[in-house]
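This report covers surface, fold and aromatic pairs, in that order.

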Amino acid sequence: MTESLPTEVTVLTDVNVLAIALTDDHPAHDDVYPWIQNAIDGPNVLLVFDYYPLRAQYLMTSNFGVDAVAARNAIRSLVRSPARIVSATETTLLEAYEISAEKNHDVYDSFIVALARAYDADYLITTDSDFDDLCDDDDVKYVNPIPTEKREKLTLIDG
């Protein structure tokens, strides 16, 4: 990544960003890892939705070919890191549906925005490329760190 990353900010990621960042040989690793590294080793705060470690491990082993023990160890290291594990509340879930209806967008992406709002995230880092309109009137800034030309070649999952 050529541009410098913001500092002293709170970052929420999607599951794909976590899985890619924890897979050293993934083609987009170098694009997303700096966001995770700056939040674990640097001045930023990384928010990890509590279900994502489980889902990221599945993605790493099933789609990225990571050995099960290596994936488990990477996830355990992430969970033990300074990353903050966050959860959804009833309010967060209801807000996701409100955002979905208001923006005419799918509820899963809307959930990520609701979670970012609930924890006052400054940045929402996702591999999705359709968050511009979703985050347009929001305080959270959407970033997809993967260059457009790489996105078409990647194996990503929803959820």
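The model is predicted: local features need pLDDT of at least 70, side-chain atom pairs count only at pLDDT 80 or more, and totals for chains, interfaces and linings use all residues. Residues are numbered from 1 along each chain as its sequence is written, and side-chain values use heavy atoms, without hydrogens and water.

Of the 159 residues, 48% are buried (under 20% relative accessible area, 1.4 Å probe, protein chains only).

## Fold

The protein has 7 helices and 5 strands. These are DSSP runs, numbered from the N terminus: helices are H or I with at least four residues, strands E with at least two. Their order is β-α-α-β-α-α-β-α-α-β-β-α.

The C-alpha atoms fill a box of roughly 40 × 35 × 30 Å along the principal axes.

## Aromatic pairs

The structure holds 4 aromatic pairs. Rings of Phe, Tyr and Trp (its six-membered ring) pair if their centres lie within 6.5 Å; planes under 30 degrees apart are stacked, over 60 edge-to-face, the rest tilted. Phe49 and Tyr52 are edge-to-face, because their centres are 5.3 Å apart and their planes at 85°. Both residues, Phe49 and Tyr52, are buried.

Phe131 and Tyr142 are stacked, with 5.6 Å between centres and 20° between planes. Phe131 lies in the loop between β4 (123-125) and β5 (141-143) and Tyr142 in strand β5, so the pair ties together parts 11 residues apart in sequence.

Key. Buried means under 20% relative accessible area, exposed over 50%, partly exposed in between (1.4 Å probe, protein chains only).
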